[in-house]
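Here are my notes on this one, as promised.

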Amino acid sequence: MKNIIKNHFNALQLNAAQFFDKISAVYKNGLVYHEKFIRQFDNGYKALRVFLDTYAYARQGAAAAYPQIACECISREYVDAQNWHKPTISEAKHLWSVYRKIAMDSFNLLDKKTGKVKVNGDCNPMNSDKGIIFQLASNNIENIAGHVRTLIKNGNTHNAYDFIKSIKGIGDKIASFYLRDIAHFADDIEESDIVDVHLLQPIDTWLEQILKILFNSDIMKLSLRNKQKQIVNLCREAKVSCLSFNQGAWLFGSQIAEDFERVESAITDTEKALLIIEKHIDKKQRYLHELSNVLKILKKEMWGQIL
């Protein structure tokens with residue numbers, strides 16, 4: 001496979017890297033522009049909540065209710081960070097039982113045939129068996145975000161990656177996804193200083209398709225690691241951030257183009273790329289316009305009741 005790995009790239013590939021680098025601003029300043037991502041480094045409870053709400057259940061097929069249940073679970077136990085401390089193994093067992101109870105009582109996640117609570121225990125990050133609370137307790141970690149940031153900053157990216165993957169239900173994609181965003185939100189980490197920066201490249205269906213467009217079907221023969229390294233090599237030659245490329249490529253595919261054929265046309269034709277963005281903006285503006293109208297009506301009705 002070595003001969004497939006490239007260190008020099010054509011104009012189409014370099015332009016695409018620069019395009020996605022620019023698109024990443026929408027991800028950074030629109031999609032994840034929230035104080036909670038910055039404040040997670042200061043408080044272990046907030047870090048855990050961000051992990052559970054945004055990353056832990058991001059795998060395909062996870063029930064939408066699962067992160068809600070997890071956040072409610074830790075909120076009950078730690079009273080919104082007031083009682084936060086390094087968790088214990090016994091707390092991991094207790095929280096897993098609370099999780100299942102909430103799933104049954106508040107979300108009615110009960111399998112009528114078996115009578116068991118439907119929480120997908122084999123892949124659930126809140127499971128007491130090697131779940132997030134268990135791993136924090138076993139490794140004497142108070143703040144998951146702070147721990148991962150320190151490992152990356154100190155050149156131990158592989159250890160950070162392995163730790164996140166050790167959590168039940170967390171695979172390669174989510175581990176890289178979490179590390180990528182931690183590096184982005186940490187103000188004391190420079191991308192150029194990150195060892196094994198390719199591990200911060202989550203590759204999902206959208207990234208797979210974009211790589212196939214840029215490098216043809218030969219890229220599919222590469223291992224995950226070599227695909228990640230190919231992205232890093234491309235971004236270095238294009239003189240853009242490989243983290244921004246990843247963020248922008250995912251956002252453009254999943255949120256703006258929403259179709260593989262439109263992604264391909266955008267990469268190969270600048271005018272079509274502009275048209276796709278313009279149509280997306282128009283769609284969002286119409287949505288916001290109608291929502292504003294509903295808000296005006298509701299306010300008018302509310303003031304009419306008061307008067």
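1. Which residues of helix α13 (residues 260–268) are buried? They are Val-263, Ser-265, Ala-266 and Ile-267. While you are there, look at the start of α13: a side-chain oxygen of Asp-259 comes to within 2.9 Å of the backbone nitrogen of Glu-261. Keep in mind throughout that this is a predicted model.

2. Now the big picture. The C-alpha atoms fill a box of roughly 60 × 55 × 45 Å along the principal axes. Of the 307 residues, 45% count as buried. The chain exposes about 16400 Å², and carbon and sulfur atoms supply 50% of that area.

3. On contact order: take the contacts between residues at least 6 apart in sequence, and 71% of them join residues at least 24 apart.

4. Buried or exposed? Ile-144 counts as buried because its relative accessibility is 1%, and the cut-off for that label is under 20%. Leaving out residues up to four places away in sequence, Ile-144 touches Ala-47, Leu-48, Phe-51, Ile-132, Leu-136, Phe-163, Ile-164, Ile-167 and Tyr-178.

5. The largest nonpolar core has 97 residues, and Leu-52 and Met-126 have the most contacts inside it. Those two also touch each other: beyond its neighbours within four places in sequence, Leu-52 is in contact with Met-126, as well as with Tyr-57, Pro-67, Ala-70, Cys-71, Ile-74 and Ile-132. Ile-132 turns up in the contact list of Ile-144 too.

6. Electrostatics next. Side chains of opposite charge can pair when their charged atoms come close. The structure holds 13 salt bridges. One of them joins the side chains of Asp-53 and Lys-36 at 3.5 Å, N to O. That pair links distant parts of the chain, with Asp-53 in helix α3 (residues 44–55) and Lys-36 in helix α2 (residues 35–39), 17 residues apart. Asp-53 is partly exposed at 40% relative accessible area, and Lys-36 is partly exposed at 29%.

7. Another salt bridge brings together the side chains of Asp-172 and Arg-225, at 3.8 Å, N to O. Here the partners are 53 residues apart, Asp-172 in helix α9 (residues 172–185) and Arg-225 in helix α11 (residues 224–238). Asp-172 is partly exposed, with a relative accessible area of 29%, and Arg-225 counts as partly exposed at 24%. Salt bridges with shared partners join Lys-165 to Asp-172 and Arg-225 in one network.

8. For a further pair, see Asp-218 and Lys-221, whose side chains meet in a salt bridge at 3.4 Å, N to O. Asp-218 counts as partly exposed, at 31% relative accessibility.

9. Last, the surface. Which residues form a nonpolar patch there? Tyr-287, Leu-288 and Leu-291 do, with about 330 Å² of accessible area together. Leu-291 sits in helix α14 (residues 270–306) and is partly exposed, with a relative accessible area of 45%.

Terms used: Residues are numbered from 1 along each chain as its sequence is written. This is a predicted model: local features need pLDDT of at least 70, side-chain atom pairs count only at pLDDT 80 or more; totals for chains, interfaces and linings use all residues. Side-chain values use heavy atoms; hydrogens and water are left out. Patches are made of residues with over 30% relative accessible area and no salt bridge: like charges are joined within 9 Å, nonpolar side chains (Val, Leu, Ile, Met, Phe, Trp, Tyr) within 5 Å. Accessible areas come from the Shrake-Rupley method with a 1.4 Å probe; for residues, only the protein chains shown count as cover. A salt bridge is a side-chain nitrogen of Lys or Arg within 4 Å of a carboxyl oxygen of Asp or Glu. Helices (H or I, at least four residues) and strands (E, at least two) are DSSP runs, numbered from the N terminus. Buried means under 20% relative accessible area, exposed over 50%, partly exposed in between (1.4 Å probe, protein chains only). A nonpolar core is a set of buried Ala, Val, Leu, Ile, Met, Phe, Trp, Tyr and Cys residues joined through side-chain atoms within 4.5 Å. Contact means heavy atoms within 4.5 Å. A polar contact is a pair of N or O atoms within 3.5 Å; within protein, one must be able to donate a hydrogen and the other to accept it, and residues adjacent in sequence count only if both atoms are side-chain atoms.
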